[in-house]
Amino acid sequence: MGDADADDGPKEDPTGDPPPPPPPPPGRMGACEVCEEAPPAKYRCPACSVATCSLACSRSHKTRGGGCTGKRDRAAFKPITEFTDRDVINDYRFLEEALLEKDRAKRWKPGYTAGTEAAQRSERPPATAKIVGTLTREAKTRGVELFCMPDGMARRVANTTFFDRKRNVMQWRVEWTFHASREIVNTDDDVDTAGDETIERSSSVSLRAEDPKLDESTTLLDALRVHLAPGPGRAARLHQLRRFADAMKGATGMNAGEEGTTSAKTPELAVYLEKEGCPANDKRYHRLDVRKTLRECLEGKRVLEFPSMQVTVLPEDEGRFREPDQ
């Protein structure tokens, strides 16, 4: 009996070394798909479901081949037969985040430098639908097709057009752009030679002015006279606009019935309004009569928020603005 009991006990290794450890159990995700040794995987990529064993392998699979973002496609299609409660919760959270981003977009305001006019305009609350509807309706009764942009657009924010109910008068915001003459510059840097021909480049500078609320009963000539009138601190600006002031004097000296009787060389003040709806590469402009009121000039025109007038002097700037084909 003693010999039998001795045979049933554990047998020691003749060399004295401990027995090798048992192999690791296979992982539930299988082997790593990146390592050559293929150890058991611990992680799975949310985007492409590649199994990896470590952070280094996870980063490696994102850089090799076409590259993987590692982010699950939250809008990917999934058959209804494979839908689970977890997928419903993920979709619900996705919709909540979309609504949160929408709310953030409504509250966002662009940053402007403190004290500037743009900062003051940004503090104004957006116009209500009732105000926009009133402006559109009153403009239509005057033969003007007024288009208003969505809230937040720069032109919508800058618009200060107002309808005076007591006087039944539209007060338009008008922006003026005074185009300087296209002078020929004959410096060494601005002249290109090609054979016997010399190509000369022109220099042009534009100055801007605005009327926040201009009565529709005001003539364009009277509105321009305010911007071209001398005053303290305006000498430098009026020096740049001297050719417009000279043309203004010529227009003032003419009577309303003497239009077209001046010499071809006499400078004449011209105002153009862009025709809305034309392609960007083929813009056309309506030429307006400076002796007519703003209401008469805008009748039958399309206006985007408010009129932007282009002021030039003829015949010096003849052909700068293309008029619509008759």
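**Reading a pocket and a strand**

Tutor: By class, six nonpolar, two polar and eight charged residues line the second largest pocket (nonpolar: Ala, Val, Leu, Ile, Met, Phe, Trp, Tyr, Cys and Pro; charged: Asp, Glu, Lys and Arg; polar: the others, Gly among them). The model is predicted, so local features need pLDDT of at least 70 and side-chain atom pairs 80 or more, while totals for chains, interfaces and linings use all residues. Numbering runs from 1 along each chain as its sequence is written, and side-chain values use heavy atoms, without hydrogens and water.

Student: How much space lies in the second largest pocket?

Tutor: Rolling a probe the size of a water molecule over the atoms shows where empty space is left. Here the space is about 480 Å³ (filled by probe spheres set on grid points joined across faces, edges and corners). Of its 16 lining residues, Arg 72, Asp 73, Lys 78, Asp 87 and Asn 90 are closest to the centre (a pocket is an open set on a 1 Å grid over the protein atoms alone, where a 1.4 Å probe fits, with protein on both sides within 12 Å along at least five of seven lines; lining means an atom within 4 Å of a point). Helix H3, residues 85–107, gives the most to this lining, with four residues (DSSP runs: helices H or I, at least four residues; strands E, at least two; numbered from the N terminus).

Student: Which way do the residues of E13 point?

Tutor: In a regular strand the side chains alternate between the two faces of the sheet. Ser 308, Gln 310, Thr 312 and Leu 314 point one way from E13, and Met 309, Val 311 and Val 313 the other way. Seven of the seven residues of E13 are buried, so the strand is largely enclosed by the rest of the structure (buried: under 20% relative accessible area, 1.4 Å probe, protein chains only).

Student: Which strand runs antiparallel to E13?

Tutor: E10, residues 268–274, does, joined by six bridges (pairing needs at least two DSSP bridges); Tyr 272 has Gln 310 as its bridge partner. E5 runs parallel to E13, with four bridges, and Phe 178 stands opposite Val 311.

How values were computed. Buried means under 20% relative accessible area, exposed over 50%, partly exposed in between (1.4 Å probe, protein chains only).
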